[in-house]
Amino acid sequence: MNARRKNTPQASLFASAHQAPLAEQLRPQKLDEVIGQEHLTGEGGLLRRMVDNQHLQSIILWGPPGCGKTTIARLLADESGYVLQQVSAVQSGVNDLKAHFEEARQRAMTGQRTILFIDEVHRFNRAQQDVLLPVVEDGTVTLIGATTENPSFELNSALLSRSRVLVLNRLAPEALDHMVRRAEHLLGKELPLTDDARQTLFAMADGDGRYLLTMVEAIFEAQATAPLDVSALGQLLQQRPPVYDKAQESHYNLISALHKSLRGSDVQAALYWFARMLDGGEDPLYLARRLIRFASEDIGMADPQALIQAIAARQTYEMLGSPEGELAIAQSVIYLATAPKSNAQYMAYKAARRSAKEHGSLMPPKHILNAPTKLMKQLGYSAGYDYDHNARDGFSGQNYFPDDMPREQYYQPVERGFERDIAKRLDYWDKLRAKRQSED
């Protein structure tokens, strides 16, 4: 009986060591049940037409991890009356392939058709790919290759010419939510998460359905008595950061004092804590590295020379050694303490990282992708790109964010130091961008 159809209590679901993983139990049994790839599996989709006609073409399924490539290959075989032979490009060589070819030939003599499904087909070298050509061309096997890599770069042109390349989507939050609801139906209870934690779970899955269900299984196994919030979910699914050795507490207290004195533009206190750490036997190169970090984190573009000064101090110490080299580090302390301060660069970086995790692996818009191969041109890569140097004012104003993502503002320069000039530049580009877009 299909385990996915059962309304099995949680206790029995995880009771047996031989119980299949949740992702396997929820694997679709029909092509119509595949989530997130309706452009191929839905009404009018190419794969749906192949199944309806009971005749499959050789195809390459190109998509991110956990989007359903293996499942689709199995279902195509089941619903079209083919025998599925599955191999991994990592584990199989030419002799293994030839053995599968011979089995397919024997099978063909009895009227049976064969699908050769090659997982991670991009890992085959050119010679291994060439072995596939005659049996694909004469119909001995129907090839279904699965790859996470761009076929234009990883597969030779002869193999591509004998196959259809189908692009699979990363799973959107709506598709991931559908998968979670299937799991909840199977287990007979809701996932113990707050609404915000549920959305965070989808962001952590990053479009990977298999990884999502692995996390869902871990959450159910934890048997939480109350809904987990975002913080509790992170603690459950991720490792805790290591704790500092308390025996070295004074070390971190002093470096904190130096860092905050620099941030507070108190050059006298900064020099004092710098001297205290040297007297305590601290490695001058450690201090130099911390100053480089400070220059980027707390000054940034308010004074771009700060980072250059900090790096120069480290290089000077490496050339001169102690004690002469320590003077160069002291010079860096003075420069950094007296420089204008801004964490706008640091905050922009953190905001961009948060946004990258939230939106996951969205593709860049096709017009800014290079198209060195025929396939990529057919898929629309580079179409419509405006070369900025040929535009008025050397600025096209095109969109460079993913198509499914709104434009976001990460960097907000302060009115201090060089960032005053940067703010003027950004304002100029923003106004010109709005003008260009209104003209389109």
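I take helices as DSSP runs of H or I, at least four residues long, numbered from the N terminus. The model I am reading is predicted.

**Entry 1: helix α10**

I looked up α10 first. It covers residues 173–187, 15 residues in total. I get 21 Å from its first C-alpha to its last, close to the 21 Å expected at 1.5 Å a residue. Then I checked burial. Among the buried residues of α10 are Leu176, Asp177, Met179, Val180 and Leu186. Arg182 and Glu184 are also on the buried list. Just after the helix, I noted a positive phi of about 75 degrees at Gly188.

**Entry 2: a pair inside α10**

Which side chain does Arg181 meet in a salt bridge? I found Asp177, at 2.8 Å, N to O. Arg181 and Asp177 are 4 residues apart in α10, so about one helical turn separates them. In general, an α-helix has 3.6 residues a turn, so residues three or four places apart point the same way. Asp177 has 16% relative accessibility and therefore counts as buried, the cut-off being under 20%.

**Entry 3: the sheet**

I traced 5 strands in an open sheet, ordered β2-β3-β4-β1-β5, with parallel pairing. The edges are β2 (82–88) and β5 (164–167), and each pairs on one side only. Neighbouring strands are turned by 20 degrees against each other on average, direction ignored. I then followed β2 to β3 (residues 113–119): 7 bridges join these parallel strands. Helix α5 (residues 69–80) lies across β1, β2, β3 and β4. I read its angle to β2 as about 155 degrees.

**Entry 4: salt bridges across the chain**

My count comes to 21 salt bridges.

Glu297 and Arg263 meet at 4.0 Å, N to O. Is Glu297 buried or exposed? It counts as buried, at 12% relative accessibility. Arg263 is partly exposed, at 38%.

Asp393 and Arg436 meet at 2.8 Å, N to O. Asp393 is exposed, with a relative accessible area of 52%. Arg436 counts as buried, at 6%.

**Entry 5: a network**

Last, I looked for linked salt bridges. Asp32, Arg48, Asp52 and Glu79 form a network of them.

Terms used: Residues are numbered from 1 along each chain as its sequence is written. This is a predicted model: local features need pLDDT of at least 70, side-chain atom pairs count only at pLDDT 80 or more; totals for chains, interfaces and linings use all residues. Side-chain values use heavy atoms; hydrogens and water are left out. Helices (H or I, at least four residues) and strands (E, at least two) are DSSP runs, numbered from the N terminus. The expected span of a helix is 1.5 Å times one less than its number of residues. Buried means under 20% relative accessible area, exposed over 50%, partly exposed in between (1.4 Å probe, protein chains only). Two strands pair if DSSP finds at least two bridges between them. Axes are lines fitted to C-alpha atoms, for helices over the stretch in contact, and angles run from 0 to 180 degrees between N-to-C directions. Contact means heavy atoms within 4.5 Å.
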